[in-house]
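Have the picture open while you read.

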Amino acid sequence: MLDKALKGSRGYWGWLFFLMGIMGAGFLAYLYQFKNGLGVTGLSRDISWGLYIGQFTFLVGVAASAVMLVIPYYLHDYKKFGKIVILGEFLAISAVIMCMLFIMADMGQPMRVMNIFLHPTLNSVLFWDTVVLNGYLFLNIIIGWITLESDSKGIKPPQWIKPFIYLSVPWAVSIHTVTAFIYAGLPGRHFWLSAIMAARFLASAFAGGPALLIILALLVRKLTKFDPGKEPIQALGKIVTYAMFANVFFLGLEFFTAFYSGIPAHQHSFHYLYAGLDGYNKLVPLMWTSSILAVVSLFLLIFPSFRKKEGVLAFACVSLFISLWIDKGFGLVIGGFVPNMFERVTEYWPTIPETIITLAVWATGFFVLTVLYKIAVTVREETAGIEIEH
Amino acid sequence: MSINRREFLRLAGVSALAGVGGVAVFNKLQNNALEASEFTAGPNALNAKRWAMVVDMSKFKTPEDYKRCMDACHSTHNVPNFSNPKDEIKWIWPEKFEHAFPGQENPYMNEETKEKSFLLLCNHCDNPPCVRVCPTKATFKRKDGIVMQDMHRCIGCRFCMAACPFGARSFNYRNPRGKDANGQPLIKEENAAYPTRTIGVVEKCTFCTERLAVGKLPACVEVSNEFSKGGLVFGDLDDPGSEVRKIISAKYTIRRKSEIGTQPSVFYVIGGNDYAIVPEIL
Amino acid sequence: MYDSGKIIVGLLIFIALVTFPFYNNIGKVNAKPELKLDTPEIQKLPEQERKCVESKEFMRGGHMQLLDDWRDSVVRDGSRIYTSSAHKTFNMSLQNECMRCHSNKKDFCDKCHNYMAVKPYCWDCHIAPKENKS
């Protein structure tokens, strides 16, 4: 099927070369970082994780969100998702690849990465995260590939793929739970030390991921002859609405616990993020942008009359995606490090090389996504009108 | 296949018990011909069940006292001086009370304690979060309680830095053998008997394992005895007769963030005389 | 076969590329490195005691494994004394023990490592003995 990715319009090739240009720039920036160390980033002794790990965390959520298509389709027999479930699985593949690249970009000694497997450490959440992420990548590659290949041949997928599909449901939940545990189990970090961290992660993932899918599905309809259909997009819209509600609700719970209990250490990070602490307020505008976008998107999503207009839905999804990207891909990680262990404030802002590398990882993800979607869309165009039964 | 003797011995033991595989094992042994070699601790090595330190702040009078301890440590261990907080690497350093013991300060406490600097270092916790999170066992707890860092194995993921509640860990953001902005080497004078670190690994205080192994006290403890006996006291927390235990059972000591359960092995004496003193009545 | 011309040309280019190291080195003299053992510290020793930790043969093939075991033992187990198969004891330290005798890193370590094109990262951290540039 890979050959389908080799025949495309000028726009397709232009887009791929554009992405490759960014990837090339990122590669050079990475060589610079590799040679000079992570000192070329904005990271410091106090804020030892930043943009890379934030993006990693956010993208694990995007990857996990494929399950929001898999559950209705395979467990509840919601047939309408039949044509687009592959879009979710392929999005998961590119998201996991981005996650891995961000982890590699963040490592001080990337050449020693195999030490994780040479000295497996069962008590380390990071070890488990490596295991579940690789497993999830494997699951989605084989499920996506096998089902799409069957579709292209007009036959039902083989029975043996079913267990893998069912396994992918708890697995998707596990990747984001384990990622949340990276944060939620650290004794000195009050901002992260929260029992609902994993729940918050899942809620934001199931809002942000499907929102991105809606945008992608609308783009696919606009750019290709394949129409994902009105109804599945509306169904996704409902999922986004509920999940975003849960996400905002969970964030409210965090605020309540921190401020009603009155424990200063639990409030510091919130102060820093939303109002500034000790005169440091670099993240305040960003966090308020995120909050406003969250409210706007939620307002547009709640009323079915708005949501049903695809233009409004698209706008709401873009706002929501940006909102969550700021909140989880940036604020959540940095907020946990402020104030530091001595209750001093150090601020963080990504440097230019760091930003280029980050953009390049996203470009790589979009490159993989484009190629995979090209294959999926071509198959769909060829089988247009045929009912798919998995 | 590598020829690791300890693994080999384990293998040989299992083989002998099972009564199989002996031939293959003996073949290997003959090739190797190192059956008599072994690893042991040195004859002068200091041993303990759980190493601990008592820091008596009353013995630190002048800024010079702090500096001597810090310099002794940092020069012995080739700790680079980046002179900027972003890339900074430190094993032992001073902090004011409110930063050393956040949450313990109050607006009315006496000026002396408030303004006093406390010497901070890795707490070598009995229940260390850094060890719990490390994905490669690059940081681990030794049998004598020392939380050790294996720089050969560290992959630089910095999970331990996020996990350490005491900010005791530093990362080599830049090459520690490089030069600063003024062209001066970051390590002013290399101690040729101790390694430096490489770029991209995490490091911290090791309670001077290399000195304990040859019967010496940690560098900071040794130098503190030069200006005042008992400023830094090092010993076995598990031994009721040890000096650290005697001080801890006689005086009021506090530990950093003891409420989170990591069980630090560094104790601070706050009061100024030999009787137990509760900070509130100072 | 479709496009046989293109495929054959492609294959030829591929073969040319992967065999490059071979024909690039044809005819070049590749003298075996002669390791120098004439450091002052070794000269001081009586002739019959000029022996390494283990036999020459073992060290030649297995020094990397030995050093690997040493570092695990020192860093992880805290055992720093090595008793050799000849019942002699050594302080397990690359920097302080090995290099005490072999103070000529360039003519000892590097010579062979360069010849074998291996780049161990020992010296990224461990400090090599001061040597006069020769």
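This is a predicted model: local features need pLDDT of at least 70, side-chain atom pairs count only at pLDDT 80 or more; totals for chains, interfaces and linings use all residues.

Residues are numbered from 1 along each chain as its sequence is written, chains are lettered from A and ligands numbered from 1 in the order in which they are written, and side-chain values use heavy atoms, leaving out hydrogens and water.

Helices here are DSSP runs (H or I, at least four residues), numbered from the N terminus.

Who touches whom? Y272(A), L273(A) and Y274(A) from α10(A) meet V284(A), M287(A), W288(A) and S291(A) from α11(A), where contact means heavy atoms within 4.5 Å. This contact has 6 nonpolar, 1 polar and no charged residues. Nonpolar means Ala, Val, Leu, Ile, Met, Phe, Trp, Tyr, Cys and Pro; charged means Asp, Glu, Lys and Arg; the others, Gly among them, are polar.

Most residues other than glycine have a negative phi, and most peptide bonds are trans. In the loop between α10 and α11 of chain A sits D278(A), whose phi is positive, near 50 degrees. P339(A) is in the loop between α13 and α14 of chain A, and the peptide bond from V338(A) to P339(A) is cis, with omega near -5 degrees.

On a 1 Å grid over the protein atoms alone, a cavity is a set of points where a 1.4 Å probe fits but cannot get out, a pocket is an open set with protein on both sides within 12 Å along at least five of seven lines, and lining residues have an atom within 4 Å of a point.

| Space | Volume | Lining by class |
|---|---|---|
| Largest cavity | about 100 Å³ | 5 nonpolar, 2 polar, 4 charged |
| Second largest pocket | about 1,100 Å³ | 25 nonpolar, 8 polar, 3 charged |

The lining of the largest cavity includes R45(A), D46(A), M161(B) and R169(B). For the second largest pocket, α14(A) gives the most lining, with 13 residues.

**Domains in chain C**

Chain C is divided into domain 1 (53-92) and domain 2 (104-134), with bounds from an automatic or database domain assignment. Their centres, taken over C-alpha atoms, are 19 Å apart.

Conventions. Helices (H or I, at least four residues) and strands (E, at least two) are DSSP runs, numbered from the N terminus. Grid points are joined across faces, edges and corners, and a volume is the space filled by probe spheres set on the points.
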